[in-house]
Amino acid sequence: MKELKLTKEEQLKELEELAKLAGFMYDDPHAHPLCYAAQADSYVIRAKGKIQKCTVALNNDINTIGTLHKDGTMDLDQTKLKKWLFAEDKACPLQSLAMEKLAVPYEGAGEHLKEPAAV
Ligand code: SF4
């Protein structure tokens, strides 16, 4: 019997088709890129307990959304957190915050999340 070998892209395409046939919604993450900074379950924990969202704007005040205490509890600034979760640009919320003049515009922000170009 001949072995069927599918590339990763072909496997994903097959899974997408099966999911659609089964009635599931499928959202291609490449069609709507989403930075981890825009996700509610993603945090950057700095060495002294500072909690942030973005891994680029480390020295920007809008990026510091709270504190992780030694007992494991967190204090979160809900107003700042919402800015990241509901940013217009989900691919790079930092860009939206810079447009709102809440963050320094960072050249190349979001570029690090793009897939490397095929060679
Ligand atoms: S620079 Fe933009 S894409 Fe990169 S981590 Fe920060 S918010 Fe996300």
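Trainee: Which residues touch the most other members of the largest nonpolar core?

Mentor: In this predicted model, the core has 13 residues, and Ala37, Ala38, Leu94, Leu97 and Ala103 touch the most other members.

Trainee: What makes a residue a contact of Leu94, and which residues does Leu94 touch?

Mentor: Two residues are in contact if their C-beta atoms lie within 7 Å. Leaving aside residues up to four places away in sequence, Leu94 touches Ala37, Cys54, Val56, Ala57, Ala103, Tyr106 and Ala109. Leu94 is also one of the residues around the ligand, a list including Ala37, Cys54, Val56 and Ala109.

Trainee: How do the residues of the shell around the ligand divide into nonpolar, polar and charged?

Mentor: Nine are nonpolar, three are polar and none is charged. Gly counts as polar, so Gly110, which belongs to the residues around the ligand, is polar by that rule.

Trainee: What makes β1 and β4 the edge strands?

Mentor: The open sheet has four strands in the order β1-β2-β3-β4, with antiparallel pairing. Strands β1 (44–45) and β4 (74–76) each pair on one side only.

Trainee: How do you know that β2 and β3 pair?

Mentor: Pairing requires at least two bridges, and β2 (residues 50–52) and β3 (residues 64–68) have three, in the antiparallel sense. The bridge partner of Ile51 in β3 is Gly66.

Definitions and conventions
Residues are numbered from 1 along each chain as its sequence is written. This is a predicted model: local features need pLDDT of at least 70, side-chain atom pairs count only at pLDDT 80 or more; totals for chains, interfaces and linings use all residues. A residue is near a molecule or strand if its C-beta atom, placed from the backbone, lies within 6 Å of it. Helices (H or I, at least four residues) and strands (E, at least two) are DSSP runs, numbered from the N terminus. A nonpolar core is a set of buried Ala, Val, Leu, Ile, Met, Phe, Trp, Tyr and Cys residues joined through C-beta atoms within 7 Å. A residue is buried if 20 or more other C-beta atoms lie within 10 Å of its own, exposed if 12 or fewer, and partly exposed in between; C-beta atoms are placed from the backbone.
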